[in-house]
Amino acid sequence: MELTETLISTTPIEHNSFLRIDRDQIRLPNGNEHARIVVRHPGAACILAVTDDDKVVLVRQWRHAAGRALLEIPAGKLDAGEDPAQCALRELGEETPYTAECMEKIFAFYSAPGFCDEILHLYRAVNITPTSSLHPDQDEFVETELWTRDQVRQAIQSGDICDAKTLLALQYWLMESV
């Protein structure tokens, strides 16, 4: 079965500093036309950082869309033309007191492909140390927390950790010990 949808035209709805919202007119595989709303995002890097004593580095921050503070792995959007590994190094240092020797790519994934083209690049921070001199962006307020595997398991089970990128990264981390 042919599944490809063909783009006919794009009409901008809203464009701001880093997000674009477009109305795409597409042709369906059966020849019919349909409109799709697409959020275009530059992508992001997210970081699985674990201390020498096997605690994962998490950040707690207010998420306006969720209406609450969420516990997440450090992450941030890519600047124009930025290498995702460099973004991961920068974001780890901005959001936490930690720096890393380097980043190892784990995998990349779409955040919400039904309406958004954002790709998140998940990295493992290698040899982290609490030596960052960077600071969060002016509109960013974060608290760093270190959690054990047991604490993470309980928080996932209770629903206290409910951010998708964080769930993926933490499940990956937990599966490593199995």
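Student: How many salt bridges are counted between domain 1 and domain 2?

Tutor: The count between them is zero. A salt bridge needs a side-chain nitrogen of Lys or Arg within 4 Å of a carboxyl oxygen of Asp or Glu. This is a predicted model, where local features need pLDDT of at least 70, side-chain atom pairs count only at pLDDT 80 or more, and totals for chains, interfaces and linings use all residues. Residues are numbered from 1 along each chain as its sequence is written, and side-chain values use heavy atoms, with hydrogens and water left out.

Student: What makes the pair of aspartate 54 and arginine 149 a salt bridge?

Tutor: Their side chains meet at 2.7 Å, N to O, and the limit is 4 Å, so the pair qualifies. Aspartate 54 sits in the loop between strand S4 (44–48) and strand S5 (56–63), while arginine 149 belongs to helix H2 (residues 149–158), 95 residues apart. A search of the whole structure gives 18 salt bridges.

Student: What area do the two domains bury between them?

Tutor: About 390 Å², with 60% of it on carbon and sulfur atoms. Buried area is the accessible area (1.4 Å probe) that the two parts lose on being put together, summed over both. Phe18, Val39 and Arg40 supply 77% of the area that domain 1 buries against domain 2, more than any other three residues.

Student: How many residue pairs are in polar contact there?

Tutor: Two, both at pLDDT 80 or more. Such a contact is a pair of N or O atoms within 3.5 Å, with one able to donate a hydrogen and the other to accept it; residues adjacent in sequence count only if both atoms are side-chain atoms.

Student: Which elements make up the chain?

Tutor: Three helices and 10 strands, taken as DSSP runs (H or I, at least four residues; E, at least two). From the N terminus on, they run β-β-β-β-β-β-β-α-β-β-β-α-α.
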